Amino acid sequence: MPHSVSLINTLAAGLGLALLFGFLAARLRLPALVGYLLAGVIIGPFTPGFVADAGIAAQLAEIGVMLLMFGVGLHFSLDDLLAVRRIAVPGALVQIAVATVLGGALATWWGWNLGAALVFGLSLSVASTVVLLRALENLGLLDSFTGRIAVGWLVVEDLAMVLVLVLMPPLASALIGVDPGQRTGPVWQTLGLTLLQVGGFVALMLVVGRRVFPWLLWQVTRTGSRELFTLCVVAAAVGIAFSAAALFGVSFALGAFFAGMVMRESEFSHRAAQESLPLRDAFAVLFFVSVGMLFNPAVLVERPLQVLAVVLVIVVGKSVAACALVLLFRYPLGTALTVSASLAQIGEFSFILASLGGRLGLLPLEGQSLLLAAGLISIATNPLWFSLVAPIQKWLHAHSSFARGLQARDDPLAELPTSTAAKYLSKQVVLVGYGRVGRRIAAALSTHDIPFVVAEQNRELVEKLRSQGMAAVWGDAADPGVLIQAHIARARVLVVATADAINVRQMIETARTLNPAIETVIRSHNEDEARLLAQEVSATVFLGEHELAQAMVRAVLR
């Protein structure tokens, strides 16, 4: 047996301590990510006791980055992004710019050079999709329109950071005035060559990869071997990432991201995500552990004011900018506050940027320690900001006429036009939500010539529906004003087709206060929730799994 077991030591210590601290973080109702980072701190060179092999940890972290980016690409939905593109794209880009300027200004004030200031600011500008998804899932907001805006916003941030990862190496020499690699010629030439290589790789993946890899997955699936299927998925992720770096000079991260994107084209993409999830999670944990190893806890004692300043940029600067942007796009105050809470943290891309910046000589170790300290604090406190959204919104409505004005401001989409036909104002169906379920209900109602009014939170969708001649009002149906504008007082049926379990009771209460005889039909995703809703609000509740099973039974009996 070989005497050198650094790999085994690093894996055993990293995974074991990550499990311990991740469990403790979860019991304290904190994201497990906090525990993984703390595990890295414990086995890092800045704390006493066992020190893991930094070189091996860095290579394991590289695999973790590959699989993280593969997962991002595998779950990247262009349709979901396009649904909120008018707010997510400009909002995310402006917010990235604001956060980069704030972070860069801090770094410049501390005497850092341009390259360090730029990397530091960019690292502060992007939030953790992992932390956000977990928070939205716990709050039951993941499938809500507000949740889709927040997720779409972070998807745009992730895409922007992928571009930054591509451009950072060729620009590094110009930013620090030293050539860290073998670059020759002017910067624009190097940058142009990099973009040409990236363009060639992207074109190859979109033209060839979209056909080859779904076909390959199908061939492996036909063997009936689960191990081969998992092996195919992982080999594709790592193999494409390595090939992208070796043949096109593209980063592992970009290669893995496009591997996930082309894999999504396969009808087995959902299974691919499930089968590769355990391995992706394990190496993602190792990535966060390796990041934690770079953190020097002494920075909390030696530079407490600098840490506080960075935390304020993340929690206050980014959040205020995001809130203002969402309100500028005329979305409700509650949506603005939720998006703000979503962005009040930094995560995996921040650490990937910081790590790459450190390797390129752009970001000093002090900057990495400040980022890690602020990241730990922002991630640990993020659940608190989400819990304060509702109380803050309620307090602002009670004490601020400006906040009340934002909720009730004059908007042509917030009420039906005066030219709306009489059939939509009495004995109609009020349909809350026009997503995948709502569209099918609307189509069926139209087929049977039953008039209906749509209440939807997506402004662009309401504009589109009105251009098609449909009766639609914009706003959150939990707000009584929205249902009033949909003429709920004279409606025959209220159909709640959204997955918003939190506000459905408020919708029904408002509807029955204004129209005691109205019938209510509700969609639910959870069996316990469906039973409680049926008991509490005496509504007709449809559970997705139950209805699917009934339809399949009917097909079998036929």
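**Figure 1. Asp449 in the loop between H19 and strand S2.** In this predicted model, Asp449 sits in the loop that runs between H19 and strand S2 (452-456). Its phi is positive, about 55°, although Asp449 is not a glycine. Most residues other than glycine have a negative phi. Asp449 counts as exposed, because its relative accessibility is 63%.

**Figure 2. His487 in the loop between helix H21 and strand S4.** The loop shown here lies between helix H21 (480-485) and strand S4 (493-496), and His487 is found in it. His487 is not a glycine, yet its phi is positive at about 60°. The relative accessible area of His487 is 29%, so this residue is partly exposed.

**Figure 3. A positive surface patch with residues from helix H19.** Helix H19 spans residues 436-447. With 3 residues, H19 gives the most to the positive patch. Arg439 is placed in helix H19. Its relative accessibility is 41%, so Arg439 counts as partly exposed.

**Figure 4. The salt bridge between Glu366 and Arg303.** The structure holds 1 salt bridge. Glu366 pairs with Arg303, and their closest N and O atoms are 3.2 Å apart. Glu366 belongs to helix H17 (residues 365-399), while Arg303 belongs to the loop between helix H13 (298-302) and helix H14 (304-328), so the pair ties together parts that are 63 residues apart in sequence. Side chains of opposite charge can pair when their charged atoms come close. Both partners can be read for accessibility. Glu366 is partly exposed at 24% relative accessibility. Arg303 is partly exposed too, with a relative accessible area of 32%.

**Figure 5. Helix H2 and its buried residues.** Helix H2 covers residues 32-42. Of its 11 residues, 8 are buried, so H2 is largely enclosed by the rest of the structure. The buried residues of H2 are Ala32, Leu33, Val34, Gly35, Leu37, Ala39, Gly40 and Val41.

**Figure 6. A nonpolar surface patch that includes Leu204.** Leu204, Leu206, Val207, Val208 and Val212 make up a nonpolar patch on the surface. Together these residues have about 360 Å² of accessible area. Leu204 is found in helix H9 (residues 187-221). Leu204 has 40% relative accessibility, so it counts as partly exposed.

**Figure 7. Leu231 of helix H10 and Ser276.** Leu231 is located in helix H10, which runs over residues 226-248. At 54% relative accessibility, Leu231 counts as exposed. Leu231 and Ser276 are 45 residues apart along the chain. Their C-alpha atoms are separated by 8.6 Å.

**Figure 8. Cys232 and Cys323, two buried cysteines.** Cys232 has 12% relative accessibility and counts as buried. Cys323 is buried as well, with a relative accessible area of 16%. The cut-off matters for both labels: buried means under 20% relative accessible area. A disulfide is a covalent bond between the sulfur atoms of two cysteines. With the rule that the two sulfur atoms must be within 2.5 Å, the count comes to 0 disulfides.

Conventions:
Residues numbered from 1 in each chain as written. Predicted model: local features only at pLDDT ≥ 70, side-chain atom pairs only at ≥ 80, totals over all residues. Heavy atoms only, no water. Buried < 20%, exposed > 50% of the residue type's maximum accessible area, 1.4 Å probe, protein only. Helix = DSSP H or I, 4+ residues; strand = E, 2+ residues; numbered from the N terminus. Salt bridge = Lys/Arg side-chain N within 4 Å of Asp/Glu carboxyl O. Patch = residues over 30% accessible without salt bridge, like charges linked within 9 Å, V, L, I, M, F, W, Y side chains within 5 Å. Areas by Shrake-Rupley, 256 points an atom, 1.4 Å probe, with all protein chains shown as cover.
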